[in-house]
Amino acid sequence: MIDIACFTSGDDVFVHWRSDATITGCLGFALYRERNGKTACLDNYIGFSGDNAKSPQPSGVWPLQRYRWVDHLVDAGDEVSYRVVARIKSGTGLADGPKSPWSTTLTVGPGSPIGVYFNRGIVASQWVSRLLGGGDHTLLNQKLTKAIETPGNPVRNALSGYARTQMLTLLGDAKSAGHDIYASIYELNDPELIDALLALGKRAHVILSNGSKKRISHTNPAQYTDGNKDSRARLLGKVDLHDRLVVDDHLSHHKFLVTCDGTAPISVWTGSTNWSETGLCTQANNGLLIDDRDIADAFLRQWKRLKKAGNDYPQSLLTADDTPTKKQVGGADVTVYFAPTTDGRDLEAARTLLKAAEQGVLFLMFNPGPKNTLLTTILELQQQTDPELYIRGVVNQDPGGAKAPVLRYGPEKSGVPLGKEVVLPAAIETSFDNWIPELRKLAKGFAMVHSKVVVIDPFGAKPVLITGSHNLGPKASASNDDNLVIVEGDAAAAQAHACVIMSAYDTYHWREYVQLSAATNKPNRGTHLANGSSWQQRYADAAGKREIGFWFGS
């Protein structure tokens, strides 16, 4: 018997299936999708060795030798269902074998009253390289830089995804309704977002940070390095603008937006997405829209505290941050922590939930830091807990640095992975088979993965989502303006993030493997389909069963 299930990120659909036994002679699965009443066999991009057919081919011809797939070719509002059919070796061809039932129909969309939105900012992708017309890293970099600067450019629109459209919708709807918005912004240079703020005029109340560049000295006001200088000049006098120019180790790191009807809060947008071209387009980012007046009011009160604080961190701000806001929203328990706190209670709350994980933990992180972070807690769980715990994640960079790597062996980061559980971003750097070179990262943008997301037991009885602007380490907790949002009991929100995390993980895990193969002079494996049924064995051992069990909530 074959079981199948699917869920949506609001943008894509993640499909996973399992068989109750190894299927003799199975060379993989054909994956069929019913979309708005029309059925199609989805494509695979990897074929058999010696098969010179042009990529891609239907999965009935080039079967999927795995038990999960991400369908990127759907749109919000689509009604979709899926089934898989085993493809059995028969003479010189393939024949149908056991098949799953059709999965339960789902509607692609962001969810409510907690909406989840993502961009498509993984630039180390074949579709990005091909959309840009190919070339080496330098040429791709030049093409992409121009594309993301240009409103209406199809590459920009594709990469920014629903995160950008939702941010513009929120600002546009506020203008149409005569609402006010209150935003605290770390980085701002995106032309469409700046224009949308300007269109609101004095109904846009904006606290604008100095970004990653900051004022050098309190004693000499002339010593500024302002990462938002040009955007600040455009907004000055046209919106209700307030500077928050912080110094030393502080970052005014929020990216939130509160919509208000007069003085009454309606909803709040938060997450990891900076209001910048790179934040929208070239980094993996997320957004969370909470349609709840009380949670929105908590962010509005924080906005007012930040305005009052000016460029400083008075004790009154830290004291207020030590009290989280808790509210039930749509049946889920939502807790909001603001940083900086006096004692790291935001991280401690998250650690408590991590240590209670029963099935697994998935995550995307930028750079939480080398010690006492949620990443180190997860790595400790990986080493110390019941081996049934399933852990997968991507970190933008080794948080320990080259001299003290956390995720790599050796003093010079030899490229040997610590384990398959955690990977760093990687790209295809040279052509082979049907693969062409990809961008490693944009020259003007430091991050490839900028999300700050942890998901615990998304298919279990107690799903948990942890996200916000918070980098999930002690520096954010003690020094930065940040928010950490914990959502307990919203399966759809947790599963949507699980879909995005695993899509990023699969992308980078395989590319890291290709790089490692090249570095050790081993031939690239995994670039062709196996000609027998032995590929199923990796799902038959304890680790494979744990993986499949996780996706089915067991």
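This briefing walks through the fold of one protein chain, from its overall build down to a few single residues. The model is predicted. The chain holds 13 helices and 25 strands, and its radius of gyration is 24 Å, close to the 24 Å that the globule rule gives for 554 residues, so the chain is as compact as a globular protein of that length.

**Overall build**

- Along its principal axes, the C-alpha trace spans about 80 × 50 × 50 Å.
- Of the 554 residues in the chain, 57% are buried.
- Among contacts with a separation of 6 or more, 72% are between residues 24 or more positions apart.

- Strand 2 (residues 13-19) pairs with strand 7 in the antiparallel sense over four bridges; here Phe14 has Val70 of strand 7 as its bridge partner.

- Another open sheet has eight strands in the order 18-19-25-24-23-20-21-22, and its pairing is mixed.
- Its edge strands are strand 18 (325-329) and strand 22 (422-423), each of which pairs on one side only.
- Strand 19 (residues 332-339) and strand 25 (residues 482-488) run antiparallel and are joined by seven bridges.
- Helix 10 (residues 374-384) lies across strand 20 (360-365), strand 21 (390-395), strand 22 and strand 23 (453-456), running at about 145 degrees to strand 20.

**Strand 12, covered on both faces**

- Strand 12 (residues 180-185) is mostly covered, with six of its six residues buried.
- On one side sit Asp180, Tyr182 and Ser184, and on the other Ile181, Ala183 and Ile185; all of these are buried.
- Strand 12 pairs with strand 15 (residues 255-261) in the antiparallel sense over six bridges, and Ser184 stands opposite Phe256 in strand 15.
- Strand 12 also pairs with strand 13 (residues 204-209), this time in the parallel sense over five bridges. Ile185 has Leu208 as its bridge partner in strand 13.

**Nonpolar cores**

- The largest nonpolar core has 59 residues, of which Val258, Phe299, Val334, Leu362 and Trp551 touch the most other members.
- Helix 12 (residues 491-519) gives the largest share of this core, 10 residues.
- A second, separate core has 37 residues, including Ile148, Ile185, Leu188 and Trp275.
- Beyond residues up to four places away in sequence, Val334 touches a number of others, among them Ile114, Ile290, Ile295, Val329, Val485, Ile486 and Val487.

**Two residues to look up**

- Ser125 is found in the loop between strand 11 (114-118) and helix 1 (126-131). Its relative accessibility is 8%, under the 20% cut-off, so Ser125 counts as buried.
- A polar atom of the Ser125 side chain lies 2.7 Å from the backbone oxygen of Ile122. Not counting residues up to four places away in sequence, Ser125 touches Glu438 and Arg511.
- Ala476 lies in helix 11 (residues 474-479) and counts as buried at 4% relative accessibility.
- Ala476 and Leu251 are 225 residues apart along the chain, and their C-alpha atoms are separated by 8.3 Å.

Key
Residues are numbered from 1 along each chain as its sequence is written. This is a predicted model: local features need pLDDT of at least 70, side-chain atom pairs count only at pLDDT 80 or more; totals for chains, interfaces and linings use all residues. Side-chain values use heavy atoms; hydrogens and water are left out. Two strands pair if DSSP finds at least two bridges between them. Helices (H or I, at least four residues) and strands (E, at least two) are DSSP runs, numbered from the N terminus. A nonpolar core is a set of buried Ala, Val, Leu, Ile, Met, Phe, Trp, Tyr and Cys residues joined through side-chain atoms within 4.5 Å. Buried means under 20% relative accessible area, exposed over 50%, partly exposed in between (1.4 Å probe, protein chains only). Contact means heavy atoms within 4.5 Å. A polar contact is a pair of N or O atoms within 3.5 Å; within protein, one must be able to donate a hydrogen and the other to accept it, and residues adjacent in sequence count only if both atoms are side-chain atoms. The radius of gyration is taken over C-alpha atoms; the globule rule is 2.2 Å times the number of residues to the power 0.38. Axes are lines fitted to C-alpha atoms, for helices over the stretch in contact, and angles run from 0 to 180 degrees between N-to-C directions.
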